[in-house]
Structures are given as C-alpha cells and as structure tokens.
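This report walks through the pockets, cavities, helix packing and backbone details of one predicted model. The sequence and structure come next.

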Amino acid sequence: MQVPAPRGNNDIPAFGTAVRGAFALERDYAHLNHGSYGATPVAVLAAQRVWQDHLEREPSRFMDREFRPGLRAAAAALAPHIGADADGIAMVENATGAVNAVLRGLDLAPGSEILVTDQTYPAVRNTADYVASRCGATVRALSLPFPALDPGDILEWFKAALTPAPALVILDHVTSPTALVLPVEKMAKAAREAGALVLIDGAHAPGMLALDIAALGCDWYTGNCHKWMFAAKGCAFLWTAPDHREKTHPLVISHGYSHGYIDEFDWVGTRDASAQLALPAALTFIDAHGAENIREHNIALANQAADLLSAAWRTERGAGPALTGSLATVRLPDGLGTSQQDANELRALLVDKHRVQVPIRAMAGGLWCRISAQIYNDIREYERFAEVIGRLSADTR
C-alpha cells in the first residue's frame with residue numbers, strides 16, 4: 001500500500017484527505033472521535049489477518065513455538081517508542097485490564113488510601129473502589145481545575161492533596177473526559193517523595209505524546225496501542241518497574257505462575273493475540289509517516305480546531321495549549337441542554353442525522369464536546385461540526 005513519504009519536521013506530509021484511504025472509515029463521515037477506540041489502517045488489519053491465518057494453519061505448533069516469541073518481538077519493537085525496557089513490557093488487551101492486574105495484586109493495609117482525581121477514568125475508579133472495599137482501604141478523589149490553563153496550577157493542587165500521604169496514587173496521563181495532558185512526571189516525583197506508589201494510566205498517551213516511561217519515576221505505566229498508535233483493537237501494554245515485577249501478576253493465574261513477570265503475562269491461556277502480534281506493522285506505519293510529524297500535526301490540528309469551535313460558538317476551551325494533546329474539549333453554546341441525557345440525545349442526533357461522531361458530556365454547568373485530531377482529519381470537518389451546532393443552537397432560541 002502506498003503511503004506519503006515522511007519528510008522533515010518543517011515540511012509535514014500532507015495528511016487529511018491524502019491519507020484517508022489508508023483507513024476503512026466511512027468516507028462521508030466526520031470522525032472526530034479517534035480517542036475512544038482509535039482507527040486501524042487497513043495495512044495493519046491485513047497484518048493481523050496474516051497472524052490469524054498462520055495460527056489456524058497449524059494451531060499447536062503456533063501456540064507452542066511462535067506465540068510467545070511473537071509477543072516478545074512486539075514488546076521489543078514497542079520499547080524504543082515508549083522509552084521503556086522490553087523486559088518490563090507485558091502485552092495485554094487494554095489499559096483497564098492492566099490497571100486491574102496492578103490494583104488487585106496490591107497488599108493494601110486497612111485504613112490506607114488510594115488517591116485518584118475527579119477525572120479518573122470511570123472503569124479505573126470502579127476498580128479502585130472495589131479493591132478498597134475488599135481490604136478496608138479508602139479512595140479519595142482530588143478535584144482538578146477545569147477549565148485549566150496552567151500545568152503549574154494542577155501540580156500545586158496535587159501536592160496539597162498528598163497530605164496525608166496515600167499508599168497509592170493513580171494518575172491519568174491524559175484525562176478522558178476533559179482531555180487534560182497532566183504534568184505526570186512532576187506529579188509522580190511529588191507522590192514518590194510523599195511515600196506513595198504511582199500508577200500512571202496512559203491510555204491515550206502512546207502515539208499522542210513523546211513518551212519516556214523510564215524517566216517518569218512511576219512504579220507502573222499502562223497504555224493502549226489501539227488508540228493513537230494505529231494498532232488493531234485489543235493491543236495494550238503494562239510496564240512495571242524492576243522492583244515490582246516479582247509481585248505483579250496477571251488477572252488470570254496460569255502455567256507461567258512463579259516463572260517470572262513476562263512468562264506469567266505472556267501465557268494466561270489460549271487467546272487471540274493477533275492484535276498484539278501485529279503491533280510491529282502499526283509501528284512501521286508510524287515510522288513511514290514520522291512519529292514526530294504525526295504528533296506535531298495532530299496537536300496543532302486539535303488546537304486549531306478548538307480555537308475555531310470556541311470562536312464560532314463564543315464559548316471557552318477546556319484547556320490551554322500547554323495542556324492540550326491530540327484531544328481537546330470545547331463548551332457548546334447554551335440552550336442545548338445541561339444533563340447527560342441531553343448530551344446523549346445530542347450526540348445521537350449528530351451521528352444519525354448529520355454524520356458527525358463526537359462525544360458530548362455534561363460538565364461544569366453545560367455541555368462540552370471532546371474532539372480528536374488524527375492524520376485523516378481535515379479542518380473542514382470541524383467547520384462542518386461548528387455549522388451544525390450553530391444551526392441547532394439557533395433553533396433553540
């Protein structure tokens with residue numbers, strides 16, 4: 001398959017409609033929600049199918065001899081893209097499962113505390129609540145500033161919340177509902193100095209941000225590869241710091257138990273890991289376009305689109321450029337509703353009638369949209385979205 005040749009940082013390849021054909025997305029659709037599930041290039045889907053076919057031709061030989069080496073090859077290919085050692089990378093299906101593995105393996109003392117934020121991903125918050133309820137611990141949620149302009153404000157709010165010191169801090173690298181890129185390196189440093197363990201939920205970060213996990217100073221880091229790294233659905237990783245690998249176990253205890261961190265996670269029973277095995281094809285796609293080019297393009301487009309929408313609607317952005325990655329939140333005009341039911345109904349209308357896919361949430365006294373910017377997007381799609389919302393808003397007056 002032909003892809004645009006990578007070029008220097010000052011000459012970003014022509015993305016938008018030029019690469020739309022590399023994906024299976026419907027062509028008359030403004031897909032402004034890459035952040036929820038990602039979109040996989042057809043070349044990567046083809047590579048995944050090759051692995052599936054290879055398995056079915058000789059299942060026993062494949063599972064006995066090729067399955068685990070394939071996972072290790074995927075981890076080795078991923079390692080330099082995320083700044084981590086391959087020996088600490090366990091290939092898993094999604095970040096939520098990785099968080100469960102970490103939390104459900106902790107020995108938290110009764111009365112100890114898990115610190116989260118009010119922007120923690122709901123599935124992760126549910127896991128923290130469940131684990132705490134079983135061992136007599138508690139979960140405390142820090143309210144983050146929103147809208148937010150300055151990373152320093154977030155850091156100061158966070159430092160103040162470290163007294164009393166929690167046993168564990170869970171940080172979102174990029175918050176899901178509000179799209180804030182948190183200063184996790186400084187937050188992790190403060191948490192460790194307070195005596196807390198640190199788990200970073202980086203579900204959105206790989207591929208969106210330049211990652212150097214080893215430099216973050218965290219105990220665990222998990223990220224999805226199917227969101228912003230173009231992998232097939234069901235491809236994620238859990239990196240564990242050396243001091244914790246012996247005591248970090250997968251949710252399914254199987255034949256690898258007591259044989260070490262990698263053996264335990266690589267073999268949890270028969271499963272289709274073709275999305276993980278095909279990860280090198282997704283990394284090849286990234287390399288062909290230039291990882292830095294992709295990040296620069298997407299972040300610039302997200303900021304441009306957020307400015308366009310907020311100006312068109314005379315509303316505010318959820319975050320300033322210093323806190324914005326390839327996702328951005330913008331407040332919708334008043335009059336479209338205030339409840340989550342209103343948000344759900346508006347989203348359905350946008351999808352079904354106007355062919356625009358974008359999440360809508362009720363937050364901070366109004367409705368907010370969370371837009372994504374990926375290489376197949378074009379600024380005209382956001383202009384179209386702005387016009388649709390403008391007409392709907394006018395109709396409510």
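## The largest pocket

Helices H1 (34–37), H4 (95–103), H5 (122–135) and H12 (340–352) each supply at least two residues, and so does strand S11 (360–363). Which of the elements gives the most to this lining? H1 does, with 3 residues. By class, the lining of the largest pocket holds 10 nonpolar, 10 polar and 6 charged residues.

## The second largest pocket

The second largest pocket has a volume of about 240 Å³. Its lining includes Ala101, Val102, Gly105, Leu106 and Asp107. Leu197 and Trp220 also line this pocket. Asp243, His244, Lys247, Thr248 and His249 complete the list. The lining of the second largest pocket divides into 5 nonpolar, 4 polar and 3 charged residues.

How many cavities of 30 Å³ or more does the model have? The count is 2. The largest cavity holds about 50 Å³ of space. Trp51, Gln52, Leu55, Phe62, Met63 and Phe67 are among the residues that line the largest cavity. Arg271, Asp272, Ala273, Ser274 and Leu277 line the largest cavity as well. Helices H2 (42–57), H3 (59–82) and H9 (274–277) each supply at least two residues of this lining.

## H2 against H3

H2 and H3 both contribute to the lining of the largest cavity. They also pack against each other, at an angle of about 140° with their axes 7 Å apart. Why are H2 and H3 described as oblique? Angles over 145 degrees count as roughly antiparallel. The angle between H2 and H3 is about 140°, and the two helices are therefore oblique to each other.

On the H2 side, the contact uses Trp51, His54, Leu55, Glu56 and Arg57. H3 answers with Pro59, Phe62, Met63, Glu66 and Gly70. By class, the contact of H2 with H3 has 5 nonpolar, 2 polar and 3 charged residues. Trp51, Leu55, Phe62 and Met63 take part in this contact and also line the largest cavity.

## H11 against H13

Helix H11 (residues 291–313) packs on helix H13 (residues 379–395) at an angle of about 25°, with their axes 10 Å apart. Angles under 35 degrees count as roughly parallel, and H11 and H13 are therefore roughly parallel to each other. Their crossing is right-handed.

H11 brings Leu301, Gln304, Ala305, Leu308, Leu309, Ala312 and Trp313 to the contact. H13 brings Ile379, Tyr382, Glu383, Phe385, Ala386, Ile389 and Gly390. The residues of this contact divide into 11 nonpolar, 2 polar and 1 charged.

## Backbone details

Which peptide bond has omega near -5°? The bond from Phe146 to Pro147 does, and this bond is cis. Pro147 sits in the loop between strand S4 (138–142) and helix H6 (151–160).

Thr163 and Pro164 are also joined by a cis peptide bond, with omega about 0°. Pro164 is in the loop between H6 and strand S5 (168–172). Phe230 is not a glycine, yet has a positive phi of about 70°. Where does Phe230 lie? Phe230 is in the loop between strand S7 (220–224) and strand S8 (236–240).

Conventions:
Residues numbered from 1 in each chain as written. Predicted model: local features only at pLDDT ≥ 70, side-chain atom pairs only at ≥ 80, totals over all residues. Heavy atoms only, no water. Helix = DSSP H or I, 4+ residues; strand = E, 2+ residues; numbered from the N terminus. Nonpolar A, V, L, I, M, F, W, Y, C, P; charged D, E, K, R; others polar. 1 Å grid on protein atoms, 1.4 Å probe; cavity = no way out; pocket = protein on both sides within 12 Å on 5 of 7 lines; lining within 4 Å. Points joined across faces, edges and corners; volume = space filled by probe spheres on them. Axes fitted to C-alpha atoms, helices over the stretch in contact; angles between N-to-C directions. Parallel < 35°, antiparallel > 145°, perpendicular 65-115°, else oblique. Left-handed = near helix turned anticlockwise from the far one by under 90°. Contact = heavy atoms within 4.5 Å.
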